[in-house]
Amino acid sequence: MAWGRTTWTLLAAAALCGGCRDDGGGDAESTSTGSASTGPSSSTASEGTDSDASTTQVQPTTVGSTLGTTAFETETETGFDTEFDTDTDTGPITCNDGTVAAGELCFGPPTIIESGRSTAVLALADFDGDGAPDLVAGHDDGLTVRYGLGDGTFEEPEDFLAGQGVLALAVGELDDTLGPDLVVATPSNDTVTLWLAVDGSFSAGIPFLTGSGPRALALGDVDGDGNVDIAIAHEAGDDIRVARGDGSGGFTPTPAVAAGTSPLGLAAAELNGEPGDELAVANFGSGNIGLYLGGDGPTPPLTLAAQAGPRDVVLGDFDDDGDVDIGAIHQEAGTAGFWPGGGDGTVGKLVAIPTGANPRDALAADVDADGVPDMIVALQSGNVIGVLRGVPGRGLGAPEVFATMSAPTAVAAADLDGDGALDLVTASAGPQGGIAVILATP
């Protein structure tokens with residue numbers, strides 16, 4: 001892999017720390033990352049924050065470890081039961097027939113491609129431009145890049161950042177050249193590094209110092225100028241910072257804005273119809289979701305009361321009404337959360353969905369090919385991945401689970417083998433950690 005030298009506008013250095021704080025529900029071997037404004041007033045945001053009186057409960061659905069399903073049920077505390085039939089006009093959905101059908105959810109058993117190496121975070125993108133997704137993984141002792149072969153397998157890993165614990169990754173177009181670029185956070189030295197895609201490889205950017213314990217990253221046009229910015233949540237500093245992009249690979253810092261205690265998850269999307277993406281932050285220690293207006297820069301946050309231990313936050317139109325919703329996972333409560341968005345910055349009441357113990361990472365992706373985003377959750381204690389389907393008019397359904405290697409702490413999705421169905425990759429932390437690939441079986 002060719003490496004060059006790129007000039008960067010650096011973030012101002014902050015006070016250094018010896019490592020990220022451990023009171024955020026994780027440690028150096030057990031980590032994950034996450035990847036918005038609620039509108040005109042904080043009272044609007046707080047409408048859906050009563051986690052007792054105004055929280056709806058959805059009961060879980062258990063599915064065999066490698067079984068696809070043709071229907072699933074949800075039940076709220078009001079007793080409303082609904083079966084969502086996934087049959088199509090041409091007949092029932094059948095796994096393993098080679099055809100991707102709307103509503104199909106089929107996965108095979110996991111294939112372990114690395115073991116014995118603590119792995120905290122994953123990202124999938126076609127970095128070398130050959131049409132096949134490549135895999136980047138952050139470990140407690142460095143970073144690996146595996147180039148995809150287009151059949152669900154990968155080349156041998158290339159290692160970088162030796163000895164550095166990588167706890168957050170973000171992928172997006174950061175400059176005016178073609179190809180996805182990569183952002184990497186290493187909390188132990190309070191550093192974020194940018195790697196730009198160049199001719200099917202990377203040109204190494206100069207690492208810049210950021211706040212104390214960078215733990216989550218998100219990319220979005222926060223200031224509304226048409227260029228991608230980098231948002232960074234700092235677990236040890238209890239704040240977030242945004243580096244404004246100039247569209248050519250240069251970034252300029254904005255002042256830090258206070259977050260809650262131990263922010264561990266971060267996501268960006270346009271929520272209120274105004275220029276600039278909003279930011280949503282999962283504050284593990286404070287038990288809430290912080291929402292920041294876009295525009296000139298992140299504002300002091302509005303907050304949504306969450307359940308215990310919000311670990312990650314994801315944004316997507318889970319109820320298919322045209323407006324972006326807020327999703328979260330709660331590690332200590334063992335639930336997912338869903339706040340329906342109003343499209344004008346307003347947020348509805350929290351719907352709480354039991355997931356099983358220790359949800360650690362989440363992403364939004366349409367894994368059942370019905371055109372509606374789903375939430376995919378790494379369930380550490382269950383050794384499974386949970387898929388919470390997005391349901392038109394309803395939001396997130398109960399989790400359907402699929403086996404993976406033990407104690408998953410991160411998950412990523414892409415079509416690895418070119419069959420049109422999204423596949424999954426999971427990571428596990430600790431001495432028995434590693435990486436597993438779960439291919440869809442349409």
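Which residue in S32 stands opposite Ala-412? In this predicted model, in which local features need pLDDT of at least 70, side-chain atom pairs count only at pLDDT 80 or more, and totals for chains, interfaces and linings use all residues, the residue that stands opposite Ala-412 is Val-425 in S32. Residues are numbered from 1 along each chain as its sequence is written, and side-chain values use heavy atoms, with hydrogens and water left out.

Strand S32 spans residues 423-428 and pairs with S31 in the antiparallel sense over six bridges. Strands here are DSSP runs of E with at least two residues, numbered from the N terminus, and two strands are said to pair if DSSP finds at least two bridges between them. Both strands belong to an open sheet of four strands in the order S4-S33-S32-S31, with antiparallel pairing. Strand S4 (111-115) and strand S31 (408-414) stand at the edges of this sheet, each with a single partner strand, so one side of each is left without a neighbour in the sheet. From one strand to the next, the twist averages 20°, where axes are lines fitted to C-alpha atoms and angles run from 0 to 180 degrees between N-to-C directions. In a regular strand the side chains alternate between the two faces of the sheet.

The term buried means under 20% relative accessible area, whereas exposed means over 50% and partly exposed lies in between (1.4 Å probe, protein chains only). The side chain of Glu-114 is joined to that of Arg-146 by a polar contact of 2.7 Å; a polar contact is a pair of N or O atoms within 3.5 Å, of which, within protein, one must be able to donate a hydrogen and the other to accept it, and residues adjacent in sequence count only if both atoms are side-chain atoms. Leaving aside neighbours within four places in sequence, Glu-114 is in contact (heavy atoms within 4.5 Å) with His-139, Arg-146, Met-405, Gly-433, Gly-434 and Ile-435.

A search of the whole structure finds one disulfide, a term that is used for a pair of cysteine sulfur atoms within 2.5 Å. The disulfide is formed by Cys-95 and Cys-106, with their sulfur atoms 1.9 Å apart. Both Cys-95 and Cys-106 lie in the loop between strand S3 (81-85) and S4, so the pair ties together parts that are eleven residues apart in sequence. The torsion about the S-S bond is about -75°, so the disulfide is left-handed. Cys-95 is partly exposed, with a relative accessible area of 24%, while Cys-106 counts as buried at 5% relative accessibility.

A second open sheet of four strands has the order S19-S20-S21-S22, again with antiparallel pairing. Strand S19 (263-269) and strand S22 (302-305) stand at its edges, and each has a single partner strand, so one side of each is left without a neighbour in the sheet. Between strand S20 (residues 278-283) and strand S21 (residues 288-292), which run antiparallel, there are five bridges, and the bridge partner of Ala-280 in S21 is Leu-291.

Strand S29 (residues 384-391) is joined to S30 by seven bridges, and the two run antiparallel, with Ile-385 standing opposite Phe-402 in S30. The two strands form a hairpin with three residues between them, and Gly-393 in the turn has a positive phi of about 80°. Nine of the nine residues of strand S30 (residues 395-403) are buried, so this strand is largely enclosed by the rest of the structure.

Asp-325 has its place in strand S24 (residues 325-330) and is buried, with a relative accessible area of 0%. The side chain of Asp-325 reaches the backbone nitrogen of Gly-341 at 2.8 Å and that of Asp-319 at 3.4 Å. The C-alpha atoms of Asp-325 and Leu-271, which are 54 residues apart along the chain, are separated by 8.1 Å.
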